[in-house]
Amino acid sequence: MVPQSIGCQILEIVSELEGTVFSLDLFEKQVGDEIITLLQNGRKFEECNDTNELESFHQAASRLGISSSRAALTERRALKKVIERARMEEDKRKESIVAYLLHLMRKYSKLFRSEVSDDDSQGSTPCSPTVLGSLEDGGSGGSGCAFERQLSKLNSFNFKPNIRRSGQIPLPPEELRCPISLQLMYEPVVIASGQTYERICIEKWFSDGHDTCPKTQQKLPHLSLTPNYCVKGLIASWCEQNGVPIPDAPQESLDLNYWRLALSASETANSRSMDNVGSCNFKEAKVVSLEKSGTIKEVEVNESENESQCPQEEVSEINVLERYQEFLSVLNEEENLMESCKVVEQIRLLLKDDEEARIFMGANGFVEGLLRFLESAVREGNAMAQEIGAMALFNLAVNNNRNKELMLAAGVIRLLESMISNSNAHEAATALYLNLSCLEQAKSIIGSSKAVLFLVQLLGHETDAQCKLDALHTLYNLSTDHSNILNLLSAGIVNHLQSLVVSGDHTWTEKSITVLINLTSSETAKEEMVSASDLITGLASVLDAGKPIEQEQAVSCLLLLCNGNEKCSQIVLQEGVIPALVSMSVNATTRGREMSQRLLML
């Protein structure tokens with residue numbers, strides 16, 4: 001392509017590049033060791049010494065030339081981009097570590113002269129007078145005597161990152177903020193420990209393999225999520241009172257606190273003493289890696305070992321891809337259902353905890369292959385094969401909306417209708433319906449299918465408790481789409497929910513009332529609920545003997561039914577609810593007190 005003389009010069013350059021060895025600058029390595037020490041010490045948030053952390057961070061930042069508010073802003077923006085890339089690459093280790101570095105940058109950016117406001121938007125809002133005054137004499141670097149004076153005043157200065165400047169949005173009460181994101185919640189849900197979290201945050205926590213409550217660290221008996229309308233109502237009330245926009249979407253980033261909770265959880269489960277890790281000598285060449293479980297481990301770097309392991313990893317990856325290809329070939333070509341069944345069971349187990357496998361298989365024809373297998377199982381009436389196929393599809397759809405969309409496009413709903421009509425594999429079918437109903441565009445499709453009658457009837461059957469719970473959660477998801485409500489009513493959902501409420505079994509009470517609350521968005525549904533023979537009686541009994549969260553839901557439902565309906569108000573009065581409401585207005589939770597007072601006034 002080029003003359004020989006130029007080609008010779010190119011070869012010389014290539015040869016020179018091949019012999020070049022890049023080495024880390026010793027100055028930057030020293031700064032890196034200090035940052036690693038900060039990351040290690042950052043695990044003990046409650047015991048963290050702000051003075052030491054500030055001094056270490058300031059020295060590192062100064063050496064890297066981050067000595068002004070504008071430089072700090074540039075650094076914060078760069079870190080945000082790294083977090084976004086890590087999230088796209090699904091590199092949780094990198095995302096967690098960089099989130100903590102971003103936290104440090106935000107936390108101590110106020111130490112620099114204010115050229116840009118701390119909320120990353122252009123402006124000239126002044127820094128805290130205490131800090132600004134102490135740095136006024138120290139020049140743009142914020143070092144020297146001014147920095148020493150700042151350290152001496154540190155004990156009287158609050159470095160909490162959530163403090164707002166006057167004129168800005170007030171800090172919401174703790175009970176309205178998600179313990180993970182520390183932000184106002186958009187979709188609060190209750191988990192088995194009784195704690196409330198933002199749905200997207202706790203779902204990420206569970207999908208990362210945790211089975212504990214992030215706040216209390218107690219092991220959870222199940223990972224079900226129940227919407228907390230009481231807290232959502234409180235958030236709306238607080239926003240109205242304080243002139244704050246009601247959240248219209250969950251937070252995009254879990255930021256630092258998710259990392260803190262993950263580390264805290266791993267420490268609870270891990271018997272190794274943190275004191276030993278904290279006292280390590282970071283001057284030796286070591287890599288500090290944050291594993292997926294959140295545990296920080298030290299790994300001695302051995303170049304010869306790394307060189308020998310890399311080819312093995314490549315071979316292993318090739319073997320995995322070959323194995324996937326063999327699975328797909330069996331799905332596409334094997335005519336013996338039992339032979340295919342063995343492969344589908346392997347796929348089901350593989351997909352259970354492997355998110356990368358879900359992505360790969362979804363993009364390479366496994367959705368269609370598994371649906372063909374399930375269709376064969378339904379055609380042959382093999383209940384075991386149907387269950388295995390449905391659960392393989394369930395695992396393939398977990399936390400993967402693209403795979404859910406592919407299943408919908410390939411006709412999974414039609415196949416499930418055949419499955420529930422001709423077999424006893426109801427548990428697997430219900431679980432798959434629940435998974436698919438989490439996708440917004442699937443709600444109307446499922447809601448207009450035979451699934452509605454099937455799910456509603458499951459509520460009245462003496463079936464497996466988990467299956468009934470899955471059906472109830474699926475119906476909740478469907479009831480959030482207003483277009484489904486008439487179909488739900490036609491299937492007799494009100495009578496079945498009434499039976500669950502009246503039964504007094506706490507397993508179903510709150511979840512059933514939550515679905516009823518969704519139904520009240522329809523006037524037709526409200527009329528049917530008021531006319532139901534025992535529903536008002538059941539809700540009134542919950543006010544007397546229910547758990548606090550059940551009482552909140554019951555009084556919310558009664559308030560929605562009575563508002564603008566004098567007939568319903570008379571029926572509720574005849575149930576003798578006044579003493580229970582008076583008691584709740586004094587002794588219930590904050591939301592329960594507010595709702596019971598409003599119902600009493602009505």
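Select helix α5 and colour Glu95, Ser96, Ile97, Val98, Ala99, Tyr100, Leu102, His103, Leu104, Met105, Lys107 and Tyr108, which are buried, that is, under 20% relative accessible area, where over 50% is exposed and anything in between partly exposed (1.4 Å probe, protein chains only). The helix is mostly covered, with 12 of its 17 residues buried. Helices here are DSSP runs of H or I with at least four residues, strands are runs of E with at least two, and both are numbered from the N terminus.

This is a predicted model, in which local features need pLDDT of at least 70 and side-chain atom pairs count only at pLDDT 80 or more, while totals for chains, interfaces and linings use all residues. Residues are numbered from 1 along each chain as its sequence is written, and side-chain values use heavy atoms, with hydrogens and water left out.

Next, select Glu28 in helix α2 (residues 26-41). Is Glu28 buried or partly exposed? Glu28 has a relative accessible area of 45% and is therefore partly exposed.

Proceed to Gln386, in helix α16 (residues 383-397). Gln386 counts as buried because its relative accessibility is 1%. Its side chain reaches the backbone oxygen of Ala377 at 3.4 Å. Beyond neighbours within four places in sequence, the contacts of Gln386 include Leu374, Met419 and Ser423, contact meaning heavy atoms within 4.5 Å.

Now select Lys443, which belongs to helix α20 (residues 440-447). With a relative accessibility of 9%, Lys443 counts as buried. Which side chains does the side chain of Lys443 meet in polar contacts? One is that of Glu440, at 3.2 Å, and another is that of Thr480, at 3.0 Å. A polar contact is a pair of N or O atoms within 3.5 Å; within protein, one must be able to donate a hydrogen and the other to accept it, and residues adjacent in sequence count only if both atoms are side-chain atoms.
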